[in-house]
Amino acid sequence: VRLEPLTAGHAKGVPAAGHHPSLWAVTVQPPLSSPEAVAAYLAAAQTNVDRGDEVVFAIVARETGEVLGSTRWMDIVRAHRRVEIGGTWLAPQVQGTLVNTEAK
């Protein structure tokens, strides 16, 4: 896989990977199944990036360019040189594969 900074350019690929309700069953994030939900997700991610709180990535298949999910560096505390790796979600078809391991 390849990690790319998550941008509006990923808007078409995000719903294919993120529309599955099971991905969001334990979060407040609605499934990414509508253009409005995707736009809100991308805008919130960009706000966190702009504040310097997070670095948000699209997880993309190298061969096809297909968006497979997302992960992020979050809860960044520069003074302590600390970052949390989290906020990860993967399309069901790649869960249980090496996609998450390779992304990390």
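## Y41 and W89

Y41 is buried, at 7% relative accessible area, and W89 is also buried, with a relative accessibility of 6%. Buried stands for under 20% relative accessible area, exposed for over 50%, and partly exposed for the range in between (1.4 Å probe, protein chains only). The model is predicted: local features need pLDDT of at least 70 and side-chain atom pairs count only at pLDDT 80 or more, while totals for chains, interfaces and linings use all residues. Residues are numbered from 1 along each chain as its sequence is written, and side-chain values use heavy atoms, with hydrogens and water left out.

The ring centres of Y41 and W89 are 6.3 Å apart and the planes stand at 75°, so this pair is edge-to-face. Rings of Phe, Tyr and Trp (its six-membered ring) pair if their centres lie within 6.5 Å; planes under 30 degrees apart are stacked, over 60 edge-to-face, and the rest tilted. Y41 sits in helix α2 and W89 in strand β4, 48 residues apart, and the pair links these distant parts of the chain. Helices (H or I, at least four residues) and strands (E, at least two) are DSSP runs numbered from the N terminus.

## F57 and W73

The structure holds two aromatic pairs. F57 and W73 form an edge-to-face pair, with 5.1 Å between centres and 75° between planes. F57 belongs to strand β2 and W73 to strand β3, so the pair ties together parts 16 residues apart in sequence. F57 is buried at 10% relative accessible area, whereas W73 is partly exposed at 41%.

## Surface patch

W73 also belongs to a nonpolar surface patch with V83 and I85, with about 290 Å² of accessible area together. Such patches take residues with over 30% relative accessible area and no salt bridge, nonpolar side chains being joined within 5 Å. A salt bridge is a side-chain nitrogen of Lys or Arg within 4 Å of a carboxyl oxygen of Asp or Glu. Areas come from the Shrake-Rupley method with a 1.4 Å probe. V83 lies in strand β4 and is partly exposed, at 43%.

Leaving aside neighbours within four places in sequence, I59 is in contact (heavy atoms within 4.5 Å) with residues including L3, L68, L90, V99 and A103.

Terms used:
Patches are made of residues with over 30% relative accessible area and no salt bridge: like charges are joined within 9 Å, nonpolar side chains (Val, Leu, Ile, Met, Phe, Trp, Tyr) within 5 Å.
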